[in-house]
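Hi,

Here is the structure I promised to pass on.

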Amino acid sequence: MRGLDAWKPTDVDSWTLAKWASFSSLGCGGKHLEAALSLHQASSSFQQCEAALQTLITANHILHHQKVLDAYGHVSFRHPDNPEVFVMSGDRAPALVASSADLIEYRVVDSSPVDPNARKGYQERFIHSEIYKQFSDVNSVIHSHSEAVLPFTMSGVAMQPAFHIAGFLGTEVPLYDITDLYQPEDQQDMLVNTPKFGASLAATFSTSQPSGRDSHSVVLMANHGFTAVGTSIKQAVYRAVYTHINAGIQSNAIILRNAQLSLQSGVSETKIRYLNEKQTMGSQKMNDASQDRPWGLWAREVEVSPMYVNRDASR
Ligand SMILES: [Zn+2]
């Protein structure tokens, strides 16, 4: 690879070069530098990559602010310059991710860090690598232990699409159970921390339903949480946040319905009404077309909160 000095240009300012030096450690612009393409191409690639890394940092903050992630859980994205690599934070609370220096590149093939000297990462990064391996159209993965979602992973009550903003859920949200995969000698801590566990979870995203859906957007994980996927970071964040919100709405509907049943006899309809298949398909299209609006709100909320630091966000 040509060194950065070889590209010291006259049409890129010193700030951009400094940022380039910072982000190039995460492969930004590397594809074009390696191919010795034009400075313009390398610079454009760098800027796209830099924007994706900053979006990943913002996503960490949004998911904490929206109570989808707490000290645990994580978000990743597939590297825009190299689909065989994904990027996520090292082992720290998502709210405290503050710069590209907190991010680590991993190989999709085996979840090994690209930098052999990388610091400690999340144990459950195999969730991410195995999903990227099985689904080439997935570019972002989020894993959450949402308090609102957890009751649906242990109660036998299936998660259903309660409202149109959660149409992406479809009419079936699968439940992954790691229990049967354990060997007697395993530490049964529920963590998806091996390729075997990750591959099994990833396979649960496949659907054989004649519904027109190629795969599920969200999979629940028994006594653990859920995982959501998207073709972009924004889409994955949208789905994770509204999975969490949908769970709260559905729980409240169940509580109200049970209260009504206990207060009066002769109730004509005993089932709660959820979106039907056609309504989920239509709503999902609307969801995908409108995700920029909530993202703008959520990004502004974390931008003005002193809780969250993004050192690379502005010049
Ligand atoms: Zn977990």
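The mean pLDDT of the protein chain is 88, and 82% of the residues reach 70 or more. Over residues 1-12, though, the pLDDT is below 50, and this stretch has 15 contacts in the model beyond near neighbours in sequence. Where pLDDT is low, the predicted coordinates should not be read in detail.

Now the overall picture. The protein chain has eight helices and seven strands. Of its 315 residues, 40% are buried. If you take the contacts between residues at least 6 apart in sequence, 69% of them join residues at least 24 apart.

Next, strand β1, which covers residues 74-78. Is it enclosed or open? Five of its five residues are buried, so β1 is largely enclosed by the rest of the structure. In a regular strand the side chains alternate between the two faces of the sheet. In β1 both faces are covered: H74, S76 and R78 are buried on one side, and V75 and F77 are buried on the other.

Which strands does β1 pair with? One partner is β4 (residues 140-144), which runs antiparallel to β1 and is joined to it by four bridges. Look for F77 here, as it stands opposite S140 in β4. Another partner is β2 (residues 85-89), again antiparallel, with three bridges to β1. There, R78 has F86 as its bridge partner. β1 and β2 form a hairpin, with six residues between them.

Finally, helix α7, which runs over residues 277-289. You can check its length yourself: at 1.5 Å a residue, its 13 residues should span 18 Å, and the end C-alpha atoms are 19 Å apart, which agrees.

Which residues of α7 are buried? They are T280, S283, Q284 and N287. These four cover an arc of only 110° around the axis, so they sit on the same side of α7. What do they pack against? The buried residues of α7 pack against α6 (233-263). Turn to the other side of α7 and you'll find K278, K285 and A289, which are exposed.

Cheers

Methods: Residues numbered from 1 in each chain as written. Predicted model: local features only at pLDDT ≥ 70, side-chain atom pairs only at ≥ 80, totals over all residues. Helix = DSSP H or I, 4+ residues; strand = E, 2+ residues; numbered from the N terminus. Expected span 1.5 Å × (residues − 1). Buried ≥ 20, exposed ≤ 12 C-beta atoms within 10 Å, placed from the backbone. Arc of directions from axis to C-beta. Contact = placed C-beta atoms within 7 Å. pLDDT = per-residue confidence, 0-100. Pairing = 2+ DSSP bridges.
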